[in-house]
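Here is a short note to read beside the structure. Take the points in order.

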Amino acid sequence: MSHHIVEAIGLHYTYPDGTKGLNGVSFRISHGESVALVGENGAGKSTLLLHLNGYLAATQGQVRIGDFALNPGNLNAVRRTVGMVFQNPDDQLFMATVFDDVAFGPLNLGLGKDEVERKVAQSLETVGAGHLSQRPPYKLSQGEKRSVAIATVLAMSPDILVMDEPSSSLDPVSRSRLIALLKTFKHTKIIATHDLDMAMDICERTIVLHQGQITADGATTGIFGDQNILSRSRLEKPLRMQGCPKCGNTFSHPTFKRESK
Amino acid sequence: MNKISDNFLDIGYMDDLAGKDSWLHRLDPRAKLITTFIFIVTVVSFDKYTLSGLIPFFIFPIALLALSGLPAGYLFKKVLLVLPFAVLVAIFNPLMDREVIFRIGSLGISGGWVSFFSIILRFILTVSVALILICLTGFNAVCLALSKLGLPKPFVVQLLFFFRYLFVLTDEAARMSRAWSLRALGSKAIDFKTFVSLVGHLLLRTIDRAERIYLAMLSRGFDGRIRMIRVMRIGSREFIFGIGWSMLFVLLRSFNIPVKLGALVTGRFS
């Protein structure tokens, strides 16, 4: 079995205060797929992501990462395979300099100094942040922080990238850059987001969560084109599918055609 | 609260100063740290009535400022900012110790006033040198030097995290304060109940953030140990810097230079 596969089988999770986080979630994400996880606030997106890396243990059900059924014994191996980018980069960048932050993971993997330096340089180059290496994280812009946060994960050479709201609080240019960057990654990607336009750009498949359950799972364009699914899950069509306010045209409108090329 | 925020941003400015380039900046942090430590120990080791013996020690901060190009006015203001704490510590000395120990003309100076000024002088010396150390080295490099010198890792990591998240915490506090002032309709002081609520929320947010940071660390293989790549090298420059200054400090501690000079000038040196 490929180590890029993520599978959830009947996942249930209840928070200590009794709130149901997940209520029988099952899916299988194959090698190289890019999947958007959408749903209203409190639908269970972040809870689900935290299960994929073993931060939360399901009350019932199972998570499989490639050949591993996730359990306390293989957490380290799973965390090496599944790289997680958190919603707020300030949570992810905790070291004194960008270099130290990106080197944190590879050093914990037991790599040698030269190998760590090579990985750090390579990861920062990939996200276009090579020049930030010696800067303290608190002096970076939000977009730079996001790029470096991704580099910290890339430096661990994960097979699967899990991202929680990667485009939140980014300005339009930083957002576009992020989308372009994510498109270049060949990893299996699972992206929890409210940014449905970004989901359309990156993910060919979308899973819709509502009250801890999957209400739809299929091709992104199909799901975002289905008003019933969107309304039920308290979502709105992506901007580009909402059509021109004057003529009502969507993809057929010349502007949208031009953009979609 | 915004003033507090500005002051914390000032810490960022100190970090910027540490990024400048001078031979003092380039010295190994350990050499600067040890020399500063010896300076502080020497200064505080004088008895409580010493005043003149402390004056020659100003040569160290003055020399560091002159050689590094750090802004003296900025550092002086920082020292003044914290000086009230020293005044608070020393203010009771003149009341407790009223015995006159010398006279200027007909004016009797009590031991309490001498010890008061001695504490202020020591405070100015030690705080200014500690600030110069941070401005020359950077807080993070000081922490790493502490680690290399054998300070327990958990302590160093706490210091590093404290410095890293000071800015984030201040931002959050400033945002909360702004939200309060927008609805306070011109009220200048936060009432006690609101203050307690603000601090409580800040604490809860801090705990939440700490949990998220811990998760981020776990996701990158954290096993309780912080590993960093740091190449530090003690060379001849560091050796000369450390030994040279330390010898001068011991000399200044052993001989009261102003008294000797005074005796020489007035012909009482025998």
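1. Where in chain B is confidence lowest, and where is it highest? This is a predicted model, in which local features need pLDDT of at least 70, side-chain atom pairs count only at pLDDT 80 or more, and totals for chains, interfaces and linings use all residues. Residues are numbered from 1 along each chain as its sequence is written, while chains are lettered from A and ligands numbered from 1 in the order in which they are written.

2. The pLDDT is the predictor's confidence in each residue, from 0 to 100. In chain B, helix 1 (residues 2-18) is lowest, at a mean of 68. Helix 3 (residues 29-44) of chain B is highest, at 96. Helices (H or I, at least four residues) and strands (E, at least two) are DSSP runs, numbered from the N terminus. The mean for chain B is 87, and 95% of its residues reach 70 or more.

3. Chain B has domain 1 (20-137 + 232-261) and domain 2 (151-230). These bounds come from an automatic or database domain assignment. The C-alpha centres of the two domains of chain B lie 33 Å apart.

4. Strand 1 (residues 100-104) and strand 2 (residues 107-110) of chain B run antiparallel, joined by four bridges. Strands pair if DSSP finds at least two bridges between them. Ile104(B) has Leu107(B) as its bridge partner. Two residues sit between the strands of this hairpin, and Gly105(B) takes a positive phi near 65°.

5. The predictor gives the complex an ipTM of 0.82 and a pTM of 0.76. In chain A, 24 residues are in contact (C-beta atoms, placed from the backbone, within 7 Å) with 22 residues of chain B. Helix 4 (98-108) of chain A is one of the helices that each supply at least two residues of that side of chain A. Helix 4 of chain A gives the largest share, six residues.

Note on methods:
Contact = placed C-beta atoms within 7 Å.
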